[in-house]
Amino acid sequence: MSRMHRYIGRASDERNHQDGAAPNQKHLRRHSSFRLMIQLLAAAFFNGYAAGFLKGKIFTGRTKLFCVPVLNCYACPGALGSCPIGAMQAVIGSRHRFPFLVLGTLMLFGVVCGRLLCGFLCPFGLIQDLLYCIPLPKRKVPRKIDKRLRHLKYAILVIFVLLIPALTSNAFGTGEPGFCKYICPAGTLEGGVPLLLANENLRQAVGFLFSWKCAVLLAVLIGSMLVSRFFCRYLCPLGAFYALFHRFALYQMQVRTERCIGCGKCDAVCPMALDVRKEIAGGECIRCGRCKAICPTKAIDSDICAEREPSATCETE
């Protein structure tokens, strides 16, 4: 009789777990659909010059004087604004100006949003999310290796975005845009490939450098199919810049420890492979909200710090 009671109890627990999990999964699907819609609208807004794709020409209107807050190539035929990384390199390489406007714009977005921009508005982030949906075997990077590789994007920010433009000189007397010239896969995909497809003269002028950039792009695309947000984790200098302000940004997320039951569902759905309870306040979180959507006890909050109650804090260790 005792065995039967244990079996019935175990079956009841499993049913309760499944009944509780279903609403969470439904909530996660709704949140994912909402986020995808925002990402698509942002990509369309930042690249709204549809005629550019047909003509194979870059938009040169006045809005190109301003930077968008995400990684979106200036040379994309549809781009209505400038890429902040490209603009920063151009100003630093000019030797005569300091990028006050670019830095001020990025710092403003960083202080207000942190890496929320990476999670919701970045077109290249959207591309990575879609690539990861391809049904291929996924790879989990060992924790120690993953942590070390995440430092790469900070090295790229310092060396390729800041030092190379400042210390090198090309035939025109300006600094080399190191990141855009040698690494940026977004520029190759959004700018280089569409322009080459539309312009035969450009195709005839292609050399080794473009072949190198295509190899980098291919590696990033394959990496993004196997590892969620591969480029954001390891290579994006803009993500590295926003991460510097992330802990102090007005928009924050935190785990309410008194509600957390340690189920680990938040870790399982995190696209950045974080230990959410320990790292949600750190610079690697892109504020995508998937952890909040899946949490069965609503232990994860997101809000503007200034609007919180005095007893609440913006981060939980």
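This report walks through the fold, the core and one surface patch of a predicted model.

Residues are numbered from 1 along each chain as its sequence is written, and side-chain values use heavy atoms, with hydrogens and water left out. Because the model is predicted, local features need pLDDT of at least 70 and side-chain atom pairs count only at pLDDT 80 or more, while totals for chains, interfaces and linings use all residues.

**Overall picture**

The chain has 17 helices and two strands; these are DSSP runs numbered from the N terminus, helices being H or I with at least four residues and strands E with at least two. Of its 317 residues, 45% count as buried, where buried means under 20% relative accessible area, exposed over 50% and partly exposed in between (1.4 Å probe, protein chains only). Among contacts (heavy atoms within 4.5 Å) with a separation of 6 or more, 73% are between residues 24 or more positions apart.

**Confidence**

The predictor's confidence in each residue is pLDDT, from 0 to 100. Its mean over the chain is 87, and 89% of the residues reach 70 or more. Helix 1 (residues 2–46) has the lowest confidence, at a mean of 70, and helix 13 (residues 230–234) the highest, at 98.

| Residues | pLDDT | Contacts beyond four places in sequence |
|---|---|---|
| 1–20 | under 50 | one contact |
| 306–317 | under 50 | 23 contacts |

Where pLDDT is low, the predicted coordinates should not be read in detail.

**The core and helix 14**

A nonpolar core is a set of buried Ala, Val, Leu, Ile, Met, Phe, Trp, Tyr and Cys residues joined through side-chain atoms within 4.5 Å. The largest one has 55 residues, and those touching the most other members are Leu 71, Phe 179, Phe 231, Val 276, Ile 280 and Ile 300. Helix 14 (residues 237–246) gives this core its largest share, five residues. Helix 14 is largely enclosed by the rest of the structure, because nine of its ten residues are buried. Its cover includes helix 3 (84–93), helix 8 and strand 1 (251–255). Ile 280, for its part, touches residues including Met 253, Val 255, Cys 285 and Ile 300.

Val 158, Ile 159, Leu 162, Leu 163 and Leu 167 make a nonpolar surface patch of about 430 Å². Leu 163 lies in helix 8 (residues 152–167) and is partly exposed, with a relative accessible area of 40%.

Note on methods: Patches are made of residues with over 30% relative accessible area and no salt bridge: like charges are joined within 9 Å, nonpolar side chains (Val, Leu, Ile, Met, Phe, Trp, Tyr) within 5 Å. Accessible areas come from the Shrake-Rupley method with a 1.4 Å probe; for residues, only the protein chains shown count as cover. A salt bridge is a side-chain nitrogen of Lys or Arg within 4 Å of a carboxyl oxygen of Asp or Glu.
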